[in-house]
Amino acid sequence: AAEGADLLKATQLKARKKRLRFQRSKIHDWGLVALEPIEAEDFVIEYVGELIRPRISDIRERQYEKMGIGSSYLFRLDDGYVVDATKRGGIARFINHSCEPNCYTKVISVEGQKKIFIYAKRHISAGEELTYNYKFPLEEKKIPCHCGSRRCRGSLN
Ligand SMILES: Nc1ncnc2c1ncn2[C@@H]1O[C@H](CN(CC[C@H](N)C(=O)O)CC2CN(Cc3cccs3)C2)[C@@H](O)[C@H]1O
């Protein structure tokens, strides 16, 4: 019964899929833009990728670095697991970071499978670029942030 409810919930989330477009970003390379207004707390999109164990993600991260695809499309979960959208991923992987984001992410277990859902933090107008806080861990080597928001922290990590 619980499984069914989860599945139903996930399906309902899917049903309200928003019209989004992948295009050049003012923040970095490519980004995702809302083609229609999105209400606060609305479900926007799922961050689809492969769920991989911590060890595998370390190996892949080194691989991606070597292949020069820069910071990969790895979305780290709190328990160390990672959703890797590099090879098999949805367009959510193009959402950029902002220090004042208009979206936020939630990890929900659907039938025991962890999924990353992205919701609107506030009303988003058509034409706005979607952003969420990457919450990267602090590092020595800084990635400068170009979110352009007034309270920008200056770096992603
Ligand atoms: N507020 C920000 N300020 C500066 N840089 C940002 C910001 N927010 C995202 N970033 C960059 O974007 C990567 C996250 N990327 C999100 C989409 C990206 N815009 C894209 O076009 O692919 C995914 C990674 C995978 N990499 C492939 C590459 C494409 C071009 C050079 S490397 C980018 C991050 O790791 C950053 O390097």
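Lysine 115 has a relative accessible area of 27% and is therefore partly exposed; a residue is called buried under 20% relative accessible area, exposed over 50%, and partly exposed in between (1.4 Å probe, protein chains only). This residue belongs to a predicted model, in which local features need a pLDDT of at least 70, side-chain atom pairs count only at pLDDT 80 or more, and totals for chains, interfaces and linings use all residues. Residues are numbered from 1 along each chain as its sequence is written, and side-chain values use heavy atoms, with hydrogens and water left out.

The pLDDT is the predictor's confidence in each residue, on a scale from 0 to 100. The chain has an average pLDDT of 89, and 91% of the residues score at least 70. Confidence is lowest in helix α1 (residues 2-15), with a mean of 64, and highest in strand β10 (residues 131-132), at 98. Helices (H or I, at least four residues) and strands (E, at least two) are DSSP runs, numbered from the N terminus. Where pLDDT is low, the predicted coordinates should not be read in detail. The model scores are ipTM 0.95 and pTM 0.88.

The charged side chains come next. A salt bridge is a side-chain nitrogen of Lys or Arg within 4 Å of a carboxyl oxygen of Asp or Glu, and the whole structure contains 8 salt bridges. In one of them, lysine 115 meets glutamate 46 at 3.6 Å, N to O. This pair links distant parts of the chain, since lysine 115 is in strand β9 (residues 113-120) and glutamate 46 is in strand β3 (residues 43-47), 69 residues apart. Glutamate 46 counts as buried because its relative accessibility is 12%.

A second salt bridge joins the side chains of arginine 60 and glutamate 50 at 3.0 Å, N to O. Arginine 60 lies in helix α2 (residues 54-66) and glutamate 50 in strand β4 (residues 50-52), so this pair ties together parts that are 10 residues apart in sequence. Both arginine 60 and glutamate 50 are buried. A network of salt bridges links Glu50, Arg60 and Asp84.

Arginine 122 also forms a salt bridge, with glutamate 128, and the closest N and O atoms are 2.8 Å apart. Arginine 122 counts as partly exposed because its relative accessibility is 34%, and glutamate 128 is likewise partly exposed, at 23%.

Rings of Phe, Tyr and Trp (its six-membered ring) pair if their centres lie within 6.5 Å; planes under 30 degrees apart count as stacked, over 60 as edge-to-face, and the rest as tilted. By this rule there are 10 aromatic pairs. The rings of phenylalanine 43 and tyrosine 119 have centres 5.9 Å apart and planes at 70 degrees, so the pair is edge-to-face. Because phenylalanine 43 lies in strand β3 and tyrosine 119 in strand β9, the pair ties together parts that are 76 residues apart in sequence. Phenylalanine 43 is buried, at 1% relative accessibility, and tyrosine 119 is buried at 7%.

The pair of tyrosine 73 and phenylalanine 94 is edge-to-face because the ring centres are 5.6 Å apart and the planes stand at 75 degrees. Tyrosine 73 lies in the loop between α2 and β5 (74-76) and phenylalanine 94 in the loop between β6 (82-84) and β7 (96-97), so parts that are 21 residues apart in sequence are tied together. Tyrosine 73 is partly exposed, at 27%, whereas phenylalanine 94 is buried, at 14%. Elsewhere, ring pairs link Tyr47, Phe75, Tyr132, Tyr134 and Phe136 into a cluster.

Backbone angles complete the account. Most residues other than glycine have a negative phi, and most peptide bonds are trans. Aspartate 29, a residue other than glycine, has a positive phi near 45 degrees. Aspartate 29 is placed in the loop between β1 and β2 (30-34) and is partly exposed, with a relative accessible area of 39%. Lysine 135 is not a glycine either, yet has a positive phi of about 50 degrees. Lysine 135 is found in the segment after β10 and counts as exposed because its relative accessibility is 65%.
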